[in-house]
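The sequence and the coordinates may be kept at hand while reading.

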Amino acid sequence: MKAKHIIASISRTLLGLVFIFSGFVKAIDPLGTVYKIEDYLKAFGGFFTDLLPLAEPAAWILIIVEFTLGVMLLFNIRTNWTSWLSLAFYAVMTPLTLYIALTNPVSDCGCFGDAIILSNWATFWKNIVLMALVVLLLCTKSALRQTFTGVAECGITTFAIAFAVIWMAVTYKHLPAIDFRPYKIGNNIPQLMEIPEDAEPDVYETTLIYAKDGVEQEFTLQNYPKGDSTWTFVDQKSVLVKKGYEAPIHDFELLTLNFDDITYDILDSDEPQTLIIAYDLQKMDRKQLDNVRSIFNTVTNLHILTGSGEEEIMSLCDELGWDEETMLNTFCFTDPVTLKTIVRANPGVIVIQNGTIIDKYNIRQINNHLPQLN
């Protein structure tokens, strides 16, 4: 009986800690979880793209469930229920992560937010281990005795739910309290774009297809029929077999509406450069237009980076009352995925000087930062 109690306690504690950590790091960056769910839905395509409006509530529910379930497991509250809920959770997640590992629709699962990046196969095997812990807990939970009852268990559970909701609401309104991404304050963008001289390159396996007498055959670069005119080249395929070094920042590029690259004009400037980040102008909070105007009227070096097209840009300029010259001098095209990574707000603001990010905030907090931009 003592052995069963030890196994049950260890399984319960480990599962609880994993759930709490997973929920907590997602709660730090709820928009990141929304973006990840959207990535999955877009990758699956078809019917799933119709579910995109549900990505945000799904993210909040997932975070609350994970964090609360973890707290209940850790404090041994309703262990019979929580162990079965854990089984249901991993009964869904384990085959899903197997499918993702096999098909690779997205590069990483996002199960621990940006705090810990796991490959899709690592995520699957992680879930296998956690599923084993759930099974062990189910087989030994009879040896556990509930630690808290009545008001205490209700209070702990309510606190867990309230903490998750409030923490998410605060970070959603402001910015993540902990920035795990390469665009955090103090980082120098050009330095993080550099590739070391001894960095390993990507390794590809190239297959050459030739035909002879109506029959196609595949060759490698070592044994293809070079110089043999009896063979006719048909096609070439290259498959990535080993990913090489990738700089932490590898997709930062600013193009004017005339498609002039001004990336290093911004990064090399000795003067502070204020960048308003709006990855999607149609989804941008229209309540923040006055804040955009305030920044425009305050700072000298301002650019608005967006992944939206020229039509959406012109529409926004009409709302702001800006003419064509202002539009051409202010807006830049940037990859929307990059913009989502730079700042978790739409719009958000970063200030760069000599390539270093010296400030970063949600545009909702402009009143606290505007004097510093003047």
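Of the 374 residues in the protein chain, 45% count as buried. The model is a predicted one, and its secondary structure comes to 13 helices and nine strands. Along the principal axes, the C-alpha trace of the protein chain spans about 75 × 75 × 45 Å.

How many of the six residues of strand β5 are buried? Six of the six residues of this strand, which covers residues 273-278, are buried, so β5 is largely enclosed by the rest of the structure. The burial concerns both faces of the strand: on one side lie Gln273, Leu275 and Ile277, on the other Thr274, Ile276 and Ala278, and all of these are buried.

Strands of a sheet pair through backbone hydrogen bonds, in either the parallel or the antiparallel sense. Strand β5 pairs with β8 (residues 348-353) in the antiparallel sense over five bridges, and Gln273 has Ile352 as its bridge partner in β8. With β6 (residues 302-306), β5 pairs in the parallel sense, again over five bridges, and here the bridge partner of Leu275 is His303. Together with helix α9 (residues 289-298), the strands β5 and β6 make a right-handed β-α-β unit.

**The open sheet β2-β1-β3**

Three strands form an open sheet in the order β2-β1-β3, with antiparallel pairing. Its edge strands are β2 (215-219) and β3 (232-242), each of which pairs on one side only, and the twist from one strand to the next averages 20°. Strand β1 (residues 203-212) is joined to β2 by five bridges in the antiparallel sense, and Lys212 stands opposite Val215 in β2.

| Strand pair | Sense | Bridges |
|---|---|---|
| β5 and β8 | antiparallel | five |
| β5 and β6 | parallel | five |
| β1 and β2 | antiparallel | five |

**Cysteines**

A disulfide is a covalent bond between the sulfur atoms of two cysteines. With the criterion that the two sulfur atoms lie within 2.5 Å, the count comes to zero disulfides. Cys317 is buried, because its relative accessible area of 2% falls under the 20% limit. Cys139, by contrast, counts as exposed, because its relative accessibility of 54% is over the 50% limit.

**The second largest pocket and helix α2**

About 360 Å³ of space lies in the second largest pocket. This pocket is lined by 18 residues, of which Leu31, Glu56, Tyr172, Lys283 and Asn346 are the closest to its centre. The elements that give two or more residues to the lining are α2 (30-44) and α3 (55-74), and the largest share, four residues, comes from α2.

Although Gly32 and Gly113 are 81 residues apart in sequence, they are 7.0 Å apart in space, from C-alpha to C-alpha.

Technical notes
Residues numbered from 1 in each chain as written. Predicted model: local features only at pLDDT ≥ 70, side-chain atom pairs only at ≥ 80, totals over all residues. Heavy atoms only, no water. Buried < 20%, exposed > 50% of the residue type's maximum accessible area, 1.4 Å probe, protein only. Pairing = 2+ DSSP bridges. Right-handed = clockwise from strand over helix to strand, strands pointing away. Axes fitted to C-alpha atoms, helices over the stretch in contact; angles between N-to-C directions. 1 Å grid on protein atoms, 1.4 Å probe; cavity = no way out; pocket = protein on both sides within 12 Å on 5 of 7 lines; lining within 4 Å. Points joined across faces, edges and corners; volume = space filled by probe spheres on them.
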